[in-house]
Amino acid sequence: MFNKLLIANRGEIASRIIRTARAMDISTVAVYSDADRDAPYVAQADESVHLPGTAPADTYLRGDLILAAAQRTGAEAIHPGYGFLSENAGFATACAEAGVVFVGPSPAAITAMGSKIAAKDMMRAAGVPVLPGVTVDSDRDGDPDRLRSAATAIGFPALVKAAFGGGGRGMRIVRSESELVEAVSSARREAASAFGDGTVFLEKFVESPRHIEVQIFGDTHGTVVHLGERECSIQRRYQKIIEEAPSTAVDDALRDELGRAAVAAGKALDYEGAGTVEFVMAPDGTFYFLEVNTRLQVEHPVTELVTGVDLVRAQLLVASGAPLPEEMLHTAPRGHAIEVRLYAEDVAAGFIPVSGTLTTLEFPEFDGIRVDAGFTSGSTVSTFYDPMLAKVIGYGDTRADACSRLARALTETRVHGVTTNRDLLVGILREPEFLAGSIDTGYLDRHDPAGLMNGEDDVTQRTHALIAALAAQAGRRSGTAVLPAMPSGWRTLVSQPQSAIFTAGEERFEVGYRFGRSSLSAAVGDWTPQVRIISASASQVDAEIEGVRRRYRVTVAGTTHYVDSSLGCSVFSEVDRFPDPSAMQEAGSLLAPMPGSVVRIEVGEGAEVAAGTAIVVLEAMKMEHTVRTPADGIVTSIAVDVGHQVESGQVLAVVSDGQS
């Protein structure tokens with residue numbers, strides 16, 4: 001076994017690998033970009049090496065810099081995690097040439113699976129069922145007549161998919177011939193941007209499919225085994241957000257069939273280390289090969305929990321030349337595990353990634369709950385990398401146990417500073433169809449995310465608005481030099497109430513309160529509850545409202561107030577009573593929904609446009625996001641050019657109603 005390991009990755013997976021390496025008494029080396037200088041994983045490692053820059057191409061994708069860091073620190077092995085260089089055959093080869101162990105499969109196996117087209121041919125030859133398809137790797141192949149002919153032969157609906165890469169980038173569903181040419185062109189642009197190769201392929205799209213994957217593991221002695229399946233059907237924008245093991249759709253017989261197909265794929269590759277064979281499964285249980293991920297998967301914790309196997313430990317053992325541990329040769333799922341990916345993203349705006357500083361990130365400690373996090377309170381979520389904050393995994397004897405524990409843990413998680421998908425995840429975990437296991441990749445097409453999120457009711461918001469005002473009052477008063485224990489606004493004679501105004505989305509809350517000699521009167525709009533304060537500070541209020549006592553936790557960042565209680569979490573913006581008129585946006589302004597780069601401007605100034613017309617296309621997180629006009633009008637100005645970097649909220653264009 002090697003003594004020192006360099007982790008060529010960042011965030012939660014770097015922390016995860018460090019945790020196992022420490023338990024095995026292996027020293028660890030982290031690498032970090034400018035943006036990750038203060039990230040938790042850097043402090044957790046024994047040593048670290050700076051990679052100058054922020055963009056992945058300048059840092060985590062620079063194999064030469066990473067190998068130099070390994071040589072400088074004396075690291076004998078490199079674990080690539082997932083993403084970045086984890087499936088880069090050239091980097092694996094460079095490691096071997098430098099005498100450094102690459103913790104992963106052979107370069108030949110990575111190369112064979114690097115092209116989804118070549119992978120399908122190999123799997124077909126190995127007896128693994130695959131879907132029919134056709135390749136589009138050049139402008140000539142994108143000829144409309146050829147595309148229509150190929151798609152007709154395959155049959156609609158068809159799926160356009162990037163040949164190199166994954167994560168939902170370069171993927172489109174085409175349901176009719178009229179959509180085909182634009183879908184292929186758009187997918188090719190996105191694939192070229194994300195993976196450096198615009199090759200895509202068309203294949204038959206299976207309606208109402210489940211996404212089932214099988215964990216395989218091989219060693220250098222010719223042994224290949226499977227460790228059961230994972231269900232990864234709950235997805236948004238073709239990216240997984242909830243995974244579980246085992247699948248509710250797989251019985252013992254089907255599990256054996258899937259396992260044998262996955263092992264056949266592994267043997268065809270002479271596979272070493274951890275890998276995942278992904279399948280698409282029709283409602284009748286028929287399954288087809290999708291791809292082999294030649295690395296550790298994001299969702300590996302659910303397999304670890306139901307098998308009791310530490311997959312990172314097994315990777316390190318196999319990489320050192322040891323045979324597979326005995327406990328991995330015959331595994332069967334015990335209990336049930338569900339993982340959710342907590343993302344910094346705006347679900348209501350179409351799952352747009354967001355950036356910012358995490359004012360608070362705190363997870364409750366529950367039996368049966370595991371948290372793999374890459375951030376902590378005070379961390380910055382940058383625009384340069386994937387916006388996943390953490391993976392939260394629930395384990396129980398039954399699937400119902402895992403769902404309820406996980407839902408409760410997420411509910412009690414305090415996450416402030418950036419918008420997240422937390423409420424959507426909780427909504428899914430409590431939704432009857434999901435609880436019944438009746439899921440497929442179209443789940444979020446059938447269930448409106450906004451409906452699943454179950455926004456706060458009026459009573460909760462009014463209560464929390466009042467608490468925000470009282471906490472702010474307590475904070476101001478505690479900082480005064482004169483009678484700090486006396487509530488502000490208190491008078492021996494009746495006086496006008498103190499006031500505060502908050503907004504939450506489109507809602508406006510006008511709070512008034514007045515302290516008497518031994519009482520408090522309060523109102524939120526026309527709601528005048530009975531209130532008794534037990535204790536209050538800027539960060540915590542213990543209050544009895546309408547006869548029910550609760551403890552409320554309050555966090556303030558600038559003019560934003562976060563209130564957490566057993567009722568839920570509310571976020572308020574405090575309204576400035578004297579706003580600066582110069583800060584007002586011109587009517588009809590279209591704003592950037594996220595930081596990004598302008599890749600296309602679809603219309604010119606003076607153009608008449610209808611509601612829904614694409615105006616500007618941004619690229620962020622290697623994906624395209626189209627900004628459309630919400631109403632008919634005339635484009636009176638375009639405020640950006642192609643190539644401009646824009647910030648969230650920046651004006652991109654102005655569309656007037658056309659009336660003088």
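Modeller: Helices (H or I, at least four residues) and strands (E, at least two) are DSSP runs, numbered from the N terminus. The model is predicted, so local features need pLDDT of at least 70 and side-chain atom pairs count only at pLDDT 80 or more, while totals for chains, interfaces and linings use all residues. Residues are numbered from 1 along each chain as its sequence is written, and side-chain values use heavy atoms, with hydrogens and water left out.

Biologist: Between which strands does the loop with Asp641 lie?

Modeller: Asp641 is partly exposed, at a relative accessible area of 47%; buried means under 20%, exposed over 50%, and partly exposed in between (1.4 Å probe, protein chains only). Leaving out residues up to four places away in sequence, Asp641 touches Val598 and Ile601, where contact means heavy atoms within 4.5 Å. The loop that holds Asp641 runs between strand S37 (633-638) and strand S38 (645-646).

Biologist: How many Å apart in space are Asp641 and Asp34?

Modeller: In sequence, 607 residues separate Asp641 and Asp34. Taken from C-alpha to C-alpha, their separation in space is 28 Å.

Biologist: Is Lys4 buried or exposed?

Modeller: Lys4 belongs to strand S1 (residues 4-7). Beyond residues up to four places away in sequence, its contacts include Ile26, Glu47, Thr73 and Glu76. Its relative accessibility is 16%, and therefore Lys4 counts as buried.

Biologist: How many of the eight residues of helix H13 are buried?

Modeller: Helix H13 spans residues 422-429 and is mostly covered. Among its buried residues are Arg422, Leu424, Gly427 and Leu429. The count of buried residues in H13 is seven.

Biologist: What is the relative accessible area of Pro157?

Modeller: Not counting residues up to four places away in sequence, Pro157 touches Val174, Arg175, Lys204, Phe205 and Glu207. Pro144 is 13 residues from Pro157 in sequence and 17 Å from it in space, C-alpha to C-alpha. Pro157 is buried because its relative accessible area is 10%.

Biologist: What is omega near for the cis peptide bond from Ala245 to Pro246?

Modeller: Pro246 lies in the loop that links strand S12 (239-245) and helix H9 (252-268). The bond from Ala245 to Pro246 is cis, and its omega is near -5°.

Biologist: What is the phi of Asp270 near?

Modeller: Asp270 is in the loop between H9 and strand S13 (273-281). At 61% relative accessibility, Asp270 is exposed. Its phi is positive although the residue is not a glycine, with a value near 50°.

Biologist: What does the count of salt bridges come to?

Modeller: Side chains of opposite charge can pair when their charged atoms come close. A salt bridge is a side-chain nitrogen of Lys or Arg within 4 Å of a carboxyl oxygen of Asp or Glu. One network of such bridges links Glu213, Arg230, Lys240, Glu243, Glu278, Glu299 and Arg341. The count by this rule is 43.

Biologist: In the salt bridge of Arg236 and Glu345, what is the N to O distance?

Modeller: Arg236 is buried at a relative accessible area of 5%, and Glu345 is buried at 1%. Their side chains meet in a salt bridge. This pair links distant parts of the chain, with Arg236 in strand S11 (residues 224-236) and Glu345 in strand S16 (residues 345-346), 109 residues apart. The N to O distance is 2.6 Å.

Biologist: With which residue does Arg62 form a salt bridge?

Modeller: Arg62 is partly exposed at 30% relative accessibility. The closest N and O atoms of the salt bridge are 2.8 Å apart, and the partner of Arg62 is Asp64.

Biologist: Which residue meets Asp542 in a salt bridge?

Modeller: Asp542 is buried, with a relative accessible area of 6%, whereas Arg551 is exposed at 53%. The N to O distance is 3.8 Å, and the partner of Asp542 is Arg551.
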